[in-house]
Structures are given as C-alpha cells and as structure tokens.
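Me: I'd like to go through this structure with you, one question at a time. Can we start with the backbone and work outwards from there?

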Amino acid sequence: MCCLGWRPISFNYWWVSAVIASLPRPLWLRTSTMLYGVAFFAFLFLPLAVVAVFAFNDASYPAPPWRGFTLDWFLGGTDAKRLGLFADAAMLGSIWTSVVVACWVTVLSVLVGTANAFLIERTQFRGKQALSMLMLAPLVIPGVILGISILAFASGIANQADDLWGLELDFLRPGLPLVVLGQFSYIVSIATLTITARLKRFDVTLEEAAYNLGASRAAVLWTITLPYLKPAMIGSAAISFLMSFENFNTTLMLVGSDAPLTVMMYGRMREGATPVLNAVSLLLMVSSAVLALTMMRGPKGNASSHSD
Amino acid sequence: MSLAETPDVSRNSARLMLMLLLAPALLWLLGLIVLPHLELGILSLRHRVAPRVYEPSLAQFATFIDEPLYWHTFVRTALMSIVATAITLLMAFPIAWTIAKIARGRVKSMMFVMCLIPFWVSETVRTLGWMILLRESGVLPALLVGLGVTPAPIEMLYHDATILVGLVYTSMLFMVIPLISALESLDDSLIEAAYDLGGNGWSILRQIVIPHAAPGIVAGCIVVFMLTLGNYLTPTLLGGKNSQWFTEQIYTQFITRFNWEQGAAFGFLLLGLSTAIVWAGLKLSGQKFGEVMQRS
C-alpha cells in the first residue's frame, strides 16, 4: 500500500484530521460521520421504539396500520380477547416468579462473591491461582450447556436418592430452585470479579491502624472493610438482579411448571400474541431504565460523601 | 489483639477462616460447574443397550458424523457466528472511534450512554421489536409498499440475513465497549507523528491503530462469538423453522426427545468449539484469559 504515496498531501491532511478531534475536519467527513452515527443509533433504537409505540395501538395484533390510541393493553380486562397487562394473571404471575428468582440469585451471588473476593485477596493456599481461574470459567461456558449439565447432574442425584433410599427430592427436578442455581452458577463469577477488583484497591493500613487501636476482627470488618466494599456490592447486586431477570438460555433448560417472564414471553411470541407483550415490554424498559439511572447516580453520590 | 495471641492460636484461626471462605467457592465450583460437566461427559460417552442398562460407547458422536443434518447444523452455526462477529466488528469500529477520538464532553458521554441503553432491556424485548419490524404484516414491509418499492408486503423474517441482523444487534454492546477502552488509550500524537512521517490513512490504520487496539478487538470478538454460538432465542424466533441453530438441536434432544445421551454429546461438541475459539483468539493475540475477562 506504500505505493499510494503519490496522493496529494492535502488528502492525508484530511484523513488525519478526521481521525482525531484536534484538527478541523472537512465537510464531507463530518457529514458521513454524522450520517453513520444517525444510522447506527436508528438501528439500535428502532426495535425498542416500535415495541413501545405498538403497546398503545388499538388493534388486536402489534402491527401497522395505526388504529388509534388505547390503554386497553394495560388496563383492559372485560374482554378475554383484549386482556390488559394488569388483568393478565398469568403474565403478572410470571413477573412475580422472575422477581423472586432474581432476589435469590442476587443475595446468593453477592454473599458468595464477597467471600470469594476475601478468599482471593486475603488468603494463601496451594492451587489458589487455578481456583481463581476456574471461577472465571462459567463466563465462557454457553448458557445452554450450563443449563443441561446442571439438569443432568441434579436429575442423576435425584434418581440415585429415589433408587437407594426411596427419597423423592423434588427440588432437584426442573423447577425454580434449579433455575436459581443455574443462574447463580455464572452470575456469581461477575459478582466475584467486581468485588475482588475493589478489594484489591483497599488500603490495608486502614485495617492495621484499627487493630492497633484495639478493634476486634469483627468490628474492623463491619466498620471499615465492608463499608469500603459497599459500592461494589450494591453495583454487583444490581447487575445480578438484571442479569437474572433477563436470563433466558439457562432458565429454559431448567424451568418447571412456573415460567419466569422471559420464558413466558418466548412462548407467547411463538404463538403470535396480542400487544399485551408490548405493554409488559414497555414496563420492563421503564423499570430497567430507572434501575440503571439510579445505579449511575449512586457511585457519584457515594464518592462525594467519602470526600467530605 | 492479634499481637497478643500465641502463634498457634492465630494459625488455627487463619486455617478456620480459610476453610470458611473456601467452602462456598468449592460448593459452587464443584457442585454447579465441575461435577455437572463430568456427569455430562459420562452421559455423552455411554449408550443405552436395554432399559436402564448402559455401556460405554462413542455411538452419539458416530450419529453426529453419520447424520448430515447434525453436522451441517454445527458447521452452519459456526460459520454464521463468524460472519455475525465480523459484521459486528465492522459496524462497531467507526462508532467506537467516534466516541473515543472525535466526540468530546457532553456529546461523548451521551453517545456512550446511548450505546448502553438498549442492553438494559432483555433480549426477548429486543427480539419482539425486530419481529414487529420485519414480519410480513410488520412495519418495514408496509413501509416498502407505501414507498412503492414492492407491490405487496414481503416476508422479511425467517431468512439467514434476519438471523444475522438479530445476532449483530444483540452482540453490539460487547464489541463497542472493549473497542472504546482500547482506542481511548491510543495517544493522538502517535497518529500525528505517523502522518508527519508520511503515513496515509490505510497504513496508519494497519500499522498503528489496529496493533494498538488488538487486545480490545480480540476481547470483543471472543465475547461476541461465544454469545452468538450459544444463542437460542434470536435464531429460533427470527429464523423460525429455517434457523437450524445448534443450540436448538441440543434443546430438542434434551427436552423434546428426552435423549440425554445425544444431547450431552452435542453439548460437548458446542463447548469444545467455543473453548477452541476462545483459546485460539487468546493465543493469536498473546493475551491471558483473566485480562480479557477483566476488560469485558
């Protein structure tokens, strides 16, 4: 490509000025950057926009043409064919199932993730390096495979217990306990990463000072180390909740009779459902936006209160 | 307190602490990762000869090779994932560059947040959006008819291209973020120097920008490829019966046909492919697994 050196200097100048902001850019480059940006963000937001818009379309199917504005898909309840979200007991039940599962996954992930962080940062034992590598492995195992391996293993134990002792271990059969374990198995890796990263930056002299002043181990942990870890713990709690709520692959393999929201929506999408799906989607968009915005404001507030 | 303790007591308490911290990690890793995968491995390597009687065999893997549908699906899934990863990289790079190098201040942080927003919403919702846009009675076909491009609405769902659109869309964030962080660490003066020394656009991109961004590119590609390969929702909903995605075969064997031995063998094949690609990507770029995971 060196033979392109005959190109006029001005072309090079244009190109270089296009790649960094410090130099003025020619019009055609600014325009094409702008156009690409607009096209890219249209691509990102178009699917979400149509989902939101058709939640309010007065038609029994989320498709054009526009037949007027209605809130039936939220509030309707008199006609079985126009069942709104807040009258759709199955849909509300699946939202509740998802919330319960996500709460369990969040609590387990943050607790175990914190313990793992202390294990990695504060203890020495043989094989620690290998163990901390193994902790990352769930992130590179496809979710479907996590699901089927846990399903096979749990069923194997349940069958053994049944054969040997006649015990019926229901929680090892497909159902919500297995869904919680399946989601936990990889979400805890993320919590471990986040919390370990913060514990690594902790200044150990703070703890030493407290010990010198006569504090007990529990007091130091409770008043110094854990408050320091709090932002990372809250952050990984929010991420765990969101990831659990949105999980589909692992959940699909482990689910029993109570379907969480994603599985329920998947089933209805295959059948071709009413705009009540759009209504529940809009609800999800709004609530994850609220969660994300409070998350993004959270660390700032914490940082300022620390510096005071 | 700890200074006053005898060495013996403190060593004992340290051991106790280690055991307490080790217990949850071992329960998690053994009970939910290692042993289940061993069980899956055993399942895939045995064959049922009579009800509840099994013997070791490679029959499942033989079926995979003998039955064209199975290995075609496998190869197709791998190729489509590679194509989806490449398209994602090509689409994400200009945006990552704009955010990292051109945009400033408020515009920069706004563009960054706008890249994140769609991924706070679940994949189910995003796929629903694409279905409303692309199906025969959907928004885009109606628009094409309205503009006079096509005489009647065309079905835009259930094509390979549709699956690719959905996969690229779902993966975008996981490419944009590592690219931005790789490009932000590139010093502008390097580009200026390269230009002063007579470099042109292409040679600067190839000799300065891409080598510098390589860790980010590899990290993004690995994550996107893995997620695409293991995706189930997008191919089945956007591809319908034509999707022929390998995870779908696993689901069919495991859940629909209850042929766990075959499903386990398929699972291991997918895991093997995914691991091989991750390993090759890390080898190619000379990076460590932990670093890549930290980055993404």
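Me: Which residue just after H11(A) takes a positive phi, and what is the angle?
Reply: Keep in mind that this is a predicted model, so every angle here is computed from predicted atoms. Walk along H11(A) and step just past its end, and you land on A:Gly272. The phi of A:Gly272 is positive, at about 85°.

Me: Which residues of H11(A) are buried?
Reply: The test is again 20 or more other C-beta atoms within 10 Å. In H11(A), the residues that pass are A:Leu261, A:Thr262, A:Val263, A:Met264, A:Met265 and A:Tyr266.

Me: Is the crossing of H11(A) and H5(B) left-handed or right-handed?
Reply: Here you look at which way the near helix is turned from the far one: anticlockwise by less than a right angle is left-handed. The crossing of H11(A) and H5(B) is left-handed.

Me: Which residues of H5(B) meet H11(A)?
Reply: On the H11(A) side you'll find A:Thr262, A:Met265, A:Tyr266 and A:Met269. By class, the contact of H11(A) with H5(B) has five nonpolar, two polar and no charged residues. On the H5(B) side, the residues are B:Thr124, B:Leu128 and B:Met131.

Me: Zooming out, which helix gives the largest share of the side of chain A that touches chain B?
Reply: The contact takes 77 residues from chain A and 72 residues from chain B. Twelve residues on the chain A side come from one helix, residues 27-53, and that is the largest share. The residues on that side of chain A divide into 59 nonpolar, 16 polar and two charged. The helix you want is H2 of chain A.

Me: Where is the cis peptide bond that has an omega of about 0°?
Reply: Head for the loop between H2 and H3 (72-75) of chain A, where A:Pro65 is found. The cis bond, with omega about 0°, joins A:Pro64 and A:Pro65.

Me: Is A:Glu207 buried, exposed or partly exposed?
Reply: A:Glu207 is in helix H8 of chain A, and it touches A:Val220, A:Ile224 and A:Thr225, leaving out residues up to four places away in sequence. It has 17 other C-beta atoms within 10 Å, so A:Glu207 is partly exposed.

Me: At what angle do H8(A) and H9(A) pack?
Reply: H8 spans residues 204-212 and H9 spans residues 217-246, with their axes 10 Å apart. H8(A) passes H9(A) in a right-handed crossing. The packing angle is about 145°.

Me: Is B:Phe258 buried or exposed?
Reply: B:Phe258 is found in the loop between H11 and H12 (260-285) of chain B. It has a positive phi of about 60° although it is not a glycine. With 9 C-beta neighbours inside 10 Å, B:Phe258 counts as exposed.

Me: How many Å apart are the C-alpha centres of domain 1 and domain 2 of chain B?
Reply: The domain assignment gives domain 1 as 1-44 and domain 2 as 59-295. Four residues of domain 1 are in contact with seven residues of domain 2. The C-alpha centres of the two domains lie 37 Å apart.

Notes: Residues numbered from 1 in each chain as written. Chains lettered and ligands numbered in written order. Predicted model: local features only at pLDDT ≥ 70, side-chain atom pairs only at ≥ 80, totals over all residues. Contact = placed C-beta atoms within 7 Å. Helix = DSSP H or I, 4+ residues; strand = E, 2+ residues; numbered from the N terminus. Nonpolar A, V, L, I, M, F, W, Y, C, P; charged D, E, K, R; others polar. Domains from an automatic or database assignment. Buried ≥ 20, exposed ≤ 12 C-beta atoms within 10 Å, placed from the backbone. Axes fitted to C-alpha atoms, helices over the stretch in contact; angles between N-to-C directions.
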